[in-house]
Amino acid sequence: AYKRFSELLPKEERDNACSARVAKSQILTLPELRANPFQHRICRVFSTSDNGDDSMCFEDFLDMLSVFSYSATSDVKSHYAFRIFDFDDDGTLDRKDLEKVVNCLTGPSEEFRLSNAEMEQLIQNILEESDIDKDGTINLSEFQHVVSRSPDFTRYGGLQR
Amino acid sequence: RDCQQADIKYLSGWKRWKRASSKSLKKVLSEVKELSSYLELWRHDIHSIEGKFGTGIQSYFSFLRFVVLLNFTIFILMFSFVTVPSIISKYGIFNSSFAKIPPKNIEPHCTVYKPSGDKGLVYFYAYLKDLLSGTGFLEETNLFYGYYTIDVAWLSILRYNLPLAYLLATFAYLALSFLWIIKRSVEGFKQNLVHDEFQSYCNKVFAGWDFCITDPNAARLKHRSLQYELQADLEEERLKQKIADRTMKEKLRIYSLRIFINTIVIAVLSGCFYSIYRATVFSQENSNVSIRPDIRTDSIEAVQYLPSMVITLANFIAPQIFSFLIRFEDYLPAFEIRLTLMRCVFVRLANIGVLLFSLWSRISYCATDKCQACGYNYELYPCWESEVGQEMYKLMIFDFIIILAVVLFVDFPRKLLVSHCSCKLVQWCGLQEFGISDNVLEIVYGQTICWIGTFFSPLLPAIATIKYFIIFYIKKISLMHTRKPAARPVRASSSNIFFLVVLLIGLVLAFIPLGISIAHIPSSKACGPFRSFNTSWAVVPNTILGFPTGLQQVLYSIASEAFAVPFLMVICLVMFYFIALARAHKRVAEQLREQLVMVRFDPLFCTPKVS
């Protein structure tokens with residue numbers, strides 16, 4: 001893992017890779033993240049930088065890899081998945097977050113997005129299935145509850161090392 | 001991560017090694033699986049079709065691939081057990097030889113058979129004509145039953161019972177197809193059962209993206225398939241809601257409309273059957289002029305192809321009528337596909353049935369005493385199995401030509417017209433959608449012909465393999481360039497099983513004509529391996545009589561009633577047991593599902609977790 005991290009750094013800084021930070025644009029060249037529609041959110045969630053530029057140091061990099069590995073527990077995965085899906089970082093998944101998630105899933109180009117009516121119907125269904133306290137948003141425990149009963153989550157949430 | 005590392009520290013050395021080895025084993029297994037999937041035929045093509053057009057159309061292409069493999073296997077089976085020994089013995093390889101034992105107790109006039117191979121000056125067009133209709137030079141080749149006039153073959157020193165091998169190979173390929181289709185549909189069935197309706201939207205949205213995708217192309221395909229799935233689910237839900245909202249008046253209207261349309265459907269079907277019957281009779285009457293080989297004119301060609309043409313016309317028109325009518329019946333899209341498919345299946349398979357029926361009524365029609373001595377119409381059909389084989393061959397070739405012609409002369413010009421001409425009528429017609437049910441039917445129809453025809457023409461599966469191989473590429477090109485994506489996306493999971501069920505229906509229907517030919521109609525005395533037997537089936541009792549007495553006794557007792565009735569009863573009991581088990585499991589699953597929903601409202605589970 002250290003090797004992969006240091007490969008991302010420009011040549012001069014490779015010697016003190018332990019303390020260096022890698023810019024977001026470099027992180028996004030990783031093959032696992034390149035095709036991922038949630039790449040920006042992933043960088044944002046795992047980055048501990050103070051100035052909001054989403055750069056990652058080696059520890060952040062390790063954090064990210066460990067969460068996505070096969071041996072992470074589903075608690076950990078669902079916790080981080082919740083943070084990734086929470087686009088406005090307010091601690092709950094409301095309608096806008098869900099809309100953004102669905103748009104990420106259907107692809108970057110406009111013509112393959114769902115129509116407004118379809119989006120409404122879909123979000124309604126999702127909230128019906130997962131919103132327990134009927135407040136119109138999904139909080140962390142509701143999310144973890146739903147995900148624990150989904151057989152695909154653990155299968156798809158892992159990166160092959 | 002910290003928890004896991006802490007865990008590892010406490011594990012003893014043995015457990016650590018076990019965990020490491022299971023991890024590496026998993027890795028090796030997944031790599032082997034990936035490697036073996038590279039060997040799969042057309043893997044990349046089908047994957048890209050799935051991405052562009054959705055899983056419904058992809059299921060059609062996987063089905064086509066399955067049919068190609070099935071045909072190839074059948075061909076290998078027949079080839080190795082029937083064709084290869086006959087070639088070896090006829091050409092004397094390895095000091096092999098064969099014997100034609102003239103049948104005893106048979107009137108000599110039954111054994112006269114002179115296939116009219118064109119000798120002397122052969123025009124090129126006659127060659128082509130023979131290629132298309134299986135007559136002439138083709139009749140004498142390995143392709144048809146008549147070539148295998150070998151009663152006993154000796155391969156080096158081994159005595160090879162070719163008639164028995166021929167019959168057993170026929171049974172073997174039927175059984176193989178049956179078992180393979182069932183195995184495949186059971187796999188699909190398992191998938192269908194597991195595909196839960198519970199929480200389906202949340203599953204798709206939160207767990208839908210495969211984080212292992214690294215290739216941008218694969219990502220694009222995944223996006224597309226997710227979009228299709230979501231849209232298909234939403235569409236189905238909307239339609240279900242609409243159906244549930246129907247008032248009594250609307251329901252009455254819809255049901256009476258459905259009854260009316262079903263009567264039209266039955267009328268159309270009867271019309272098709274009658275026209276095929278007349279066409280076959282006409283064609284057989286008029287082509288009898290040609291049994292004297294020196295009289296062959298061009299008009300005979302069209303008459304010979306008349307049944308095939310009428311069948312193809314009926315197969316073409318009837319589905320169009322059905323798919324036009326079904327729009328008025330207002331079903332869910334998945335059910336629409338199935339109902340249209342069932343109706344068209346019925347048309348196609350019954351068409352073959354009517355053709356065969358009319359052929360047989362002519363073959364078995366015996367007016368004179370001389371004819372009755374042979375048991376079949378020896379004047380018109382000295383080697384009737386080859387005739388039936390020729391009809392099947394013609395049907396298959398014609399089917400192939402029609403598919404090619406439709407793609408070349410209908411799809412591509414339509415695409416050109418739509419993209420270059422901007423007049424309103426053309427734009428309104430637009431491009432055609434890929435009709436899944438029509439295409440599946442073509443496959444099932446062709447495959448049923450292949451199954452029936454292989455007994456009469458052992459090399460037919462090879463032709464079928466090549467035909468479907470080419471058709472895959474033709475359909476793919478036609479799909480990519482001339483079709484628009486379906487307006488209503490359709491889900492594939494249950495379609496897969498349904499296609500296999502329809503194929504199974506075709507197979508079961510193929511049993512009937514084969515059963516009648518093998519067991520009921522006397523085999524021709526002039527050609528083929530069953531000359532010295534009454535019927536083709538008679539080979540089996542004959543062989544059994546040659547077994548040692550002990551074995552004979554065992555076999556007779558198995559076939560007797562004293563064994564069959566208790567056996568049937570035991571089978572029924574086992575079946576009832578499994579049905580009861582399945583019902584109990586289903587009930588348990590329902591109860592668990594209800595409990596899961598209740599769990600949501602259990603206060604213990606609603607306390608927020610400390611993160």
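Author: Rings of Phe, Tyr and Trp (its six-membered ring) pair if their centres lie within 6.5 Å; planes under 30 degrees apart count as stacked, over 60 as edge-to-face and the rest as tilted. This is a predicted model, where local features need pLDDT of at least 70, side-chain atom pairs count only at pLDDT 80 or more, and totals for chains, interfaces and linings use all residues. Residues are numbered from 1 along each chain as its sequence is written, chains are lettered from A and ligands numbered from 1 in the order written, and side-chain values use heavy atoms, leaving out hydrogens and water.

Reader: How many aromatic pairs turn up over all chains?

Author: The search covers the whole structure, and its count is 25.

Reader: Why do A:Phe82 and A:Phe143 get their label as a pair?

Author: Their ring centres are 5.5 Å apart. The planes sit at 50°, so the pair is tilted.

Reader: Are those two, A:Phe82 and A:Phe143, buried or exposed?

Author: Buried means under 20% relative accessible area, exposed over 50%, partly exposed in between (1.4 Å probe, protein chains only). By that rule, both A:Phe82 and A:Phe143 are buried.

Reader: Which residue stands opposite B:Phe98 in strand 2 of chain B?

Author: Strands (E, at least two residues) are DSSP runs, numbered from the N terminus, and two of them pair if DSSP finds at least two bridges between them. Strand 1 (residues 97-99) and strand 2 (residues 152-155) of chain B run antiparallel, joined by three bridges. Opposite B:Phe98 stands B:Ala153.

Reader: And in strand 3 of chain B, what is the bridge partner of B:Leu155?

Author: Strands 2 and 3 of chain B form a hairpin with two residues between them. The partner is B:Leu158.

How values were computed. Helices (H or I, at least four residues) and strands (E, at least two) are DSSP runs, numbered from the N terminus.
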